[in-house]
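Let's take a friendly walk through this structure, one region at a time. Have the sequence and the 3D view ready as you read.

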Amino acid sequence: MPRPRPLTNVASGVPYNSDQQLTPRTPHSHNGSRTSRAEQGFAKLQVSEANSGDDDDPHDSLQSAPLLVSSSTARFSIRSARQQRSSTSTKSKGHNIVAQSAEILSTAVSRLPLVLGIFAAGILVILIVLSFTRPEALHRYVGAKAPGEIISSTSLKPSPTAASSLEHMDANHLTLSYENYTTFPLHPKEYGAECAKLNSGYMSHGDYWDITHMGAMDVQHHDAIPAAGGKTGVCSSSITYMLDGMVGLTADLALLAQAAALARERNRTFFIDDTYWNRGKYASPQPSVHSAYTVALPRWTDHFEDVRAHQPGPEPGCKAPPAEELVACPRTARHWVINSRTAKFHLGHSFSNHYENAYGHNINRLKPIFESARQSFESTIWPNTHNTELIQLARSQLTAFLQSDGSRTLVYTATHIRRGDRKPASYGFANNIIPLQTYIDGVESTWARLHTGPMSQIKPVVYVASDSPAAQEQFSEMYEGETFSLFETGNPRLRELASPGEYYQKTFDELNLQSRIMATRGMVVDLAMVSGLWPHEKDILPDATVCSISSNVCKLAAVGLGWERAFGEVDEMGSVDEKGKHWIEIDEKGQIVPVWQAFQLF
């Protein structure tokens with residue numbers, strides 16, 4: 001093996017000199033044996049001075065030890081080698097343990113969200129099971145206020161003029177308190193606020209009439225006061241519909257019809273409270289809170305007959321409950337009161353689940369509710385004598401108009417055009433107004449569909465009901481046939497009932513009392529003419545009705561026509577008979593199912 005070349009480029013900071021060399025002393029050198037080389041010990045390597053005149057140069061002697069340590073020395077013993085390997089192995093093992101621990105920790109951290117999610121899902125499942133099986137325990141565990149929890153003030157102070165004794169209540173009875181109020185009955189919005197308090201917690205499960213697991217809830221009641229002759233005093237249970245003056249007439253009538261049906265089903269006495277109604281003859285002060293019984297104000301009876309004349313209930317002659325005993329929520333209270341502000345708590349999803357036909361499809365599901373409303377209009381809601389005379393007068397005037405031309409038949413089509421604050425339910429109309437031509441097209445196509453032969457070619461006479469004088473006038477100008485309305489009649493008693501202007505609920509109270517009364521009577525007459533409600537023998541009735549579902553008049557028009565005439569022969573899947581229907585809705589046009597709704601919730 002050739003001799004290694006001298007190191008010629010040592011980073012010593014001095015220039016290279018051929019006289020100086022660094023000879024490596026390696027175990028594999030050809031100059032002698034290993035033993036002799038080991039015995040030689042250390043040989044000091046001489047490094048020439050780069051500059052002999054500079055005695056302080058630190059590079060005079062750069063190395064005083066061999067490049068490699070001899071194996072004969074302690075620095076290169078077998079023990080030191082083993083210790084070095086052991087130390088290296090220990091460090092390697094320690095490094096592996098740390099790496100493995102870090103990997104385990106990283107894996108655990110990465111899977112922590114999954115573990116937490118599974119844990120949270122398990123807790124949620126447990127809570128769901130508890131909400132169905134033991135809701136009262138769930139409320140207690142989480143510290144939430146249950147729907148049936150006692151309200152802060154737990155007693156109602158009885159009226160000073162009432163009997164001092166209170167009816168016995170069982171141990172599970174929870175007492176509602178209205179003691180912070182000073183005027184009874186409460187304002188409709190105050191009843192709404194009380195319902196909102198009781199329905200602000202968890203949704204209660206169970207049937208529509210089930211009492212909450214927390215127990216029955218009601219105000220305290222005065223004992224029934226026997227009347228003269230031993231007859232019953234206050235009715236044992238009742239349902240009262242409150243006319244609040246905050247919605248239109250037909251909106252109230254649609255809700256009232258369902259309340260009357262519930263009273264019939266539950267065998268309760270049905271009452272009307274018109275304390276806050278703005279459509280009656282009298283504007284008396286509110287009844288005193290100290291009176292034992294509510295005062296019947298002749299607002300409702302200015303337009304309709306007393307509901308108890310046709311629906312006396314299970315206790316004919318019993319008296320209405322004291323105003324302070326009326327409870328808006330829950331509905332299981334002895335004297336339940338409902339109005340347009342609280343109807344959403346009672347006639348919503350739970351009502352539909354309970355009273356719809358669970359086995360029906362589409363509109364067939366609503367048939368029980370439809371029939372309940374129709375029965376209410378046939379037996380409970382009936383115009384008083386004065387309004388009945390006006391309805392009969394309008395029908396006789398229309399009959400005479402049809403007979404004035406011998407070529408006409410005693411058949412007419414009705415339409416209701418709603419303007420004012422009522423907008424279409426569909427978004428397909430510009431400026432949120434249904435064009436009058438749409439009504440006209442609906443009238444003509446319906447007449448041609450329902451009639452055959454030469455009769456299908458004529459233009460039917462149309463009874464036009466509208467809150468807008470301008471819309472009625474434009475319709476009459478655009479329609480090629482004859483029209484009849486309260487605006488056009490020659491009878492002054494009927495003409496004064498025509499709408500004074502487009503109806504806006506917010507500004508209705510700005511009309512004077514007489515104008516409000518006349519507008520209400522006009523609406524009663526228009527409703528009868530477009531729906532056929534409240535007929536007498538041999539009365540002329542509409543052949544068909546064209547209207548918009550956004551109006552409550554349209555909803556009640558279907559009730560007046562009856563199920564078969566309104567929707568034709570409905571099949572098992574609940575599809576309306578498009579060829580035989582007499583109720584034509586031109587707003588949504590059947591695109592939304594079901595095509596009919598019983599009432600509107602506010």
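Helices and strands here are DSSP runs, numbered from the N terminus; a helix is a run of H or I with at least four residues, and a strand is a run of E with at least two. The model you are looking at is predicted. With those terms in hand, find His303, which sits in the loop that runs between strand 4 (269-273) and strand 5 (335-338). Is His303 buried or exposed? Its relative accessibility is 0%, and buried means under 20%, so His303 counts as buried. Leaving aside residues up to four places away in sequence, the residues that His303 touches include Trp277, Arg279, Pro383 and Asn384. Asn387, Ile517, Thr520 and Arg521 are also among its contacts.

Ile391 belongs to helix 8 (residues 385-403). Its relative accessibility is 2%, so Ile391 is buried.

Now widen the view to whole helices. Two packed helices are described by the angle between their axes and the distance between those axes. For helix 8 and helix 12, the angle is about 50 degrees and the axes are 9 Å apart. That angle makes helix 8 oblique to helix 12, and their crossing is right-handed. On the helix 8 side, His386, Asn387, Leu390, Ile391, Ala394, Arg395 and Leu398 take part, meeting Arg521, Val524, Val525, Ala528 and Met529 in helix 12. By class, this contact has eight nonpolar, two polar and two charged residues.

Helix 12 (residues 513-531) also packs with helix 13 (residues 552-561), at an angle of about 50 degrees and with axes 8 Å apart. These two helices are therefore oblique to each other, and they cross in a right-handed way. Here Met523, Leu527, Val530 and Ser531 in helix 12 meet Val553, Leu556, Ala557, Gly560 and Leu561 in helix 13. Seven of the residues in this contact are nonpolar, two are polar and none is charged.

Our last stop is helix 5, which covers residues 249-266. Its 18 residues reach 26 Å from the first C-alpha to the last, close to the 26 Å expected. Helix 5 is mostly covered, with 15 of its 18 residues buried. Just after helix 5 comes Asn267, which takes a positive phi of about 60 degrees.

Technical notes:
Residues are numbered from 1 along each chain as its sequence is written. This is a predicted model: local features need pLDDT of at least 70, side-chain atom pairs count only at pLDDT 80 or more; totals for chains, interfaces and linings use all residues. Side-chain values use heavy atoms; hydrogens and water are left out. The expected span of a helix is 1.5 Å times one less than its number of residues. Buried means under 20% relative accessible area, exposed over 50%, partly exposed in between (1.4 Å probe, protein chains only). Axes are lines fitted to C-alpha atoms, for helices over the stretch in contact, and angles run from 0 to 180 degrees between N-to-C directions. Angles under 35 degrees count as roughly parallel, over 145 as roughly antiparallel, 65 to 115 as roughly perpendicular and the rest as oblique. A crossing is left-handed if the near helix is turned anticlockwise from the far one by less than a right angle, and right-handed if clockwise. Contact means heavy atoms within 4.5 Å. Ala, Val, Leu, Ile, Met, Phe, Trp, Tyr, Cys and Pro count as nonpolar, Asp, Glu, Lys and Arg as charged, and the others, Gly among them, as polar.
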